[in-house]
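Please keep the sequence and the model open while reading.

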Amino acid sequence: MKLFGKKNENYTMVIGCGRLGANLANALSDIGESVAIIDKNPDAFRKLASSFGGLTVTGDATEISVLDNADIAKATAVISVTNKDNTNIMVALLAKKMYNIKRVVARLYDPDCECVYDEFGIETICPAVLSAKEIDKFLPEFDLSEKTEIAHTERDAKQKAGQLHTAAGAGVKDGGAYE
Ligand code: AMP
């Protein structure tokens, strides 16, 4: 088995072996990067290419022992793309705050959570926001992404993030599940 996280080597950890996670892990492996992927469902690893040369770890990624089995402490980047916002948030916060990983990105379905996590230095991607922006390219005259409920939610979240930033000891907001 390949050695992971050697000094000066990139080591990327992907959480969730769904369509997106498996594709990212396959692509990283294809370009010769060290990669580990975690999923609670071992069948999910069937989505990995036969050429996948990384590590697969079965388990709930919100459990420290599972993250440790995948050697998260040596990761240079963590990408959390399970189908549950609260899982992605928890893993991202653990990676950032407990393991001090510099580059952490989480997929969040609920745009309400997105800006709040910017405050913790966690990059977030929200498919609904990205989709609205892409649709704008087809119908630029309407500027729809600015007028949707999503845009309003994003603005509210930014405001909330500002309030959280000033209030000491802000906690984790429950992000909800999308299955
Ligand atoms: P998809 O909806 O296709 O992006 O797939 C999401 C993947 O995330 C599925 O394979 C789930 O089994 C996985 N998943 C969901 N929750 C967890 C968790 N707590 N730990 C590890 N994997 C998870």
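## Overall layout

Helices, of at least four residues, and strands, of at least two, are DSSP runs that are numbered from the N terminus. Read in this way, the elements of the protein chain follow the order β-α-β-β-α-β-α-β-α-β-α-α-α from the N terminus on. That makes seven helices and six strands.

The model is a predicted one. Of the 179 residues in the protein chain, 34% are buried. Among the contacts in the chain with a separation of 6 or more, 55% are between residues 24 or more positions apart.

## Confidence

The average pLDDT of the protein chain is 84, and 77% of the residues score at least 70. Over residues 168-179 the pLDDT stays under 50, and the model has 22 contacts beyond four places in sequence for this stretch. Where pLDDT is low, the predicted coordinates should not be read in detail.

Strand 1 covers residues 11-15, and five of its five residues are buried. In a regular strand the side chains alternate between the two faces of the sheet. In strand 1, Tyr11, Met13 and Ile15 point one way, while Thr12 and Val14 point the other way; all are buried.

Strand 1 pairs with two strands treated here. With strand 2 it runs parallel, joined by five bridges, and Ile15 has Ile38 as its bridge partner there. With strand 4, residues 77-80, strand 1 also pairs in the parallel sense, over four bridges. On that side Val14 stands opposite Ile79 and Ile15 stands opposite Ser80.

## From strand 4 to strand 5

Strand 4 pairs in turn with strand 5, residues 103-107, in the parallel sense and over four bridges. Which residue of strand 5 is the bridge partner of Ser80? The partner is Ala106.

Strand 1, helix 1 and strand 2 form a right-handed β-α-β unit. Strand 4, helix 3 (residues 85-98) and strand 5 form a right-handed β-α-β unit as well.

## Around the ligand

There are 18 residues around the ligand, and those that come nearest are Gly16, Gly18, Ala61, Thr82 and Asn83. By class, the shell holds six nonpolar, seven polar and five charged residues.

Helix 1 (19-30) and strand 2 (34-39) each contribute at least two residues to the shell around the ligand. These two elements also belong to the β-α-β unit that starts with strand 1.

## A loop residue

Pro42 sits in the loop between strand 2 and strand 3 (55-58). Is Pro42 buried or exposed? Pro42 is exposed because 12 other C-beta atoms lie within 10 Å, and a residue with 12 or fewer counts as exposed.

Pro42 and Val57 are 15 residues apart along the chain, and their C-alpha atoms are separated by 8.4 Å.

Notes. Residues numbered from 1 in each chain as written. Predicted model: local features only at pLDDT ≥ 70, side-chain atom pairs only at ≥ 80, totals over all residues. Near = placed C-beta within 6 Å. Nonpolar A, V, L, I, M, F, W, Y, C, P; charged D, E, K, R; others polar. Buried ≥ 20, exposed ≤ 12 C-beta atoms within 10 Å, placed from the backbone. Pairing = 2+ DSSP bridges. Right-handed = clockwise from strand over helix to strand, strands pointing away. pLDDT = per-residue confidence, 0-100. Contact = placed C-beta atoms within 7 Å.
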